[in-house]
Amino acid sequence: MSKPKNNNILDSVIFKKLRKLYLLAFLAIAITIIISQLLIQNHISTQINDSRVINIAGRQRMLSQKLTKEILFLNDSDTSDERKEKINQIKKTFQLWSSSHDGLIDGNQKLSLPKESNKEILTMFSEVALYFSPIKKAVENLLLKLEKDPNTSITLLKKETKSILTNETEFLNAMDVLVFKYDDISKAKVTKLKYLETLLLVVALLILALEILLLFRPFSIKIKDTINDLLKTKEEAILKTEQLNEMYIAKEESLLELQQLNYAIDNAVLFVSTNSEGSILHMSKKLQNLLGLSTNTIKGALEELLTTDLGQQMYLKELLKNKGRIWTGEVQIITKDDTDLWLDMSIIPLKRVSLKQKTLILCTDITQRKHNETELERISKEKYQEEIESQKILSSKIIEAQEEERKRIAKDIHDGIGQMLTALKFNAESINLNNIEVSLKKIENLKALSKEIIQGVRMATFNLVPPELTELGISSALQTLTVQLSKLTGKNIVFQNKTDFDIKLDSLTETNLYRITQEAVNNAIKYAKANYIFVSINHSSDIMSITIADDGIGFDIDQVKTNTEKGMGLLFMEERIKYINGRIFINSVIGEGTNITLNIKLDKI
């Protein structure tokens, strides 16, 4: 007993030592990484400053050339505004050039320039100052003269111009040397950083090598020994497990029986179980309450307890004889208190030999659902009858409308064309060839009457079936309709074919679309008191739309539909569009007008 205890103490000491070494090794690697990152970040920051300095120093060459060029572009022939603009540009360039030069030496926060500390660079700036100062002084004198008199002649500025040109070349050469010096210093910093990075890499690799030799190798040996111990322990555990398995076999059988019972409890509130002879072993309280039974009265055959109807008992008896298969279905029963119930029943045979229960019956009360289905069927029949009655009323209204249309056509022919034909007859019979002058007048009257009769016949046929609809299609027919109604009513009725729709649809579709549009326009004239009516056609690859919009008084759609006279027009429009598998959208605002849109799918035509 003391030996294992000593081994455990030894293992604990070894692990603590290894843990400390691991921490030291990881700490060393972390320190080298942090130092490396600090050096890199410092170098990046320095590089950013160096890049900025080199860019500004290089830009000084460009600015000095730009300043010289702008001064040389001054011309006596410039207008006053042009001269002032050039002077302002010289000032801006000179200010940037001068401030950048000072910033390279003393630093400039606005230009992100650090103060120069390199003695060699400062010495070179002292040399550059020999050319920078005369240029700066000459530009300042030149700007002073121009501020006093912007129109100063270029000849009066020759002294300053000559000084600038004399020193510019030397200034550019000196700045070239200075920029190259900046570049050399930057390269030296990079070389130094590379050396430090290499040194840190060597240190990191050395630490890793020491870890492998002093940590990983001893630790792997220790892990190997531990695994061997675990394998031995596993073998012992397997032997003990085999012994325990024999003890658990009997318990598993009882657990399976309980699991099957739990399945019934978890998945159905109503359940009953029976033995091989069909006797009830257990019935849930919920099922007892549903059937009106008590625990003491649960005796006899199951089918006799479920229902009092003999036919239902025979049917259930046959179902319970079913062996080896699960049965699911709906069963109607009548309880002892004459309650009619519907159950969704599942009969599940249990096949294990050791189980006392041989059949499990799961039930769900679906009586309310069945009552709902019956009620839904009754409501559906009533709704169907209502629709039939509605169709009958609609058909009678359509017949009445057709009869009214026939009466109107007959009246138009009798009162218009008929009377004109009678007048034509009387005028023809009254012609006396002996009186040439009177006869000629009557002949002229006959011509006028004939013309009116022709127009009347055309108008009557137009109202029935416009020829444009048959020959040219819906677009031309609607255009003619709007023109004719505009002439007859004096209203502003406008038609627009927005997408140049010229597809010839089938006769049934075009006729219904025309009649719906005609009804909508007539309603706008008759009821809406509209002054402006706009009819348009628009189409895409699969849909054609007709829109009828007016600026009339508008109406309440629900209120109009209850009005027999006005509502029939909307009803006919809806029935016509349904007949050709289209859709109608009616939007009306009282006091603002009405907008009606008809949609037809072109791929179904």
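Reply: A helix here is a DSSP run of H or I with at least four residues, and helices are numbered from the N terminus. The model is predicted; the protein chain has a mean pLDDT of 77, with 77% of its residues reaching 70 or more. Residues 1–5 stay under 50 in pLDDT, and for them the model has zero contacts beyond four places in sequence.

Turning to the packing, helix H2, which covers residues 80–106, lies against helix H3, residues 119–148, at an angle of about 155°, and their axes are 11 Å apart. Because angles over 145 degrees count as roughly antiparallel, H2 is roughly antiparallel to H3, and the crossing in which H2 passes H3 is left-handed. On the H2 side the contact includes Ile-87, Ile-90, Phe-94 and Trp-97, together with Arg-83 and Lys-91, while H3 contributes, among others, Phe-125, Val-128, Phe-132 and Ile-135, along with Glu-140 and Glu-147. Sorted by class, the contact of H2 with H3 comprises 14 nonpolar, two polar and six charged residues.

Charged side chains also pair in this model, since side chains of opposite charge can do so when their charged atoms come close. The structure holds 14 salt bridges, one of which joins the side chains of Asp-183 and Lys-187, at 3.4 Å from N to O. Asp-183 and Lys-187 both belong to helix H4 (residues 158–267), where they are four residues apart and therefore separated by about one helical turn.

Methods
Residues numbered from 1 in each chain as written. Predicted model: local features only at pLDDT ≥ 70, side-chain atom pairs only at ≥ 80, totals over all residues. Heavy atoms only, no water. pLDDT = per-residue confidence, 0-100. Contact = heavy atoms within 4.5 Å. Axes fitted to C-alpha atoms, helices over the stretch in contact; angles between N-to-C directions. Helix = DSSP H or I, 4+ residues; strand = E, 2+ residues; numbered from the N terminus. Parallel < 35°, antiparallel > 145°, perpendicular 65-115°, else oblique. Left-handed = near helix turned anticlockwise from the far one by under 90°. Nonpolar A, V, L, I, M, F, W, Y, C, P; charged D, E, K, R; others polar. Salt bridge = Lys/Arg side-chain N within 4 Å of Asp/Glu carboxyl O.
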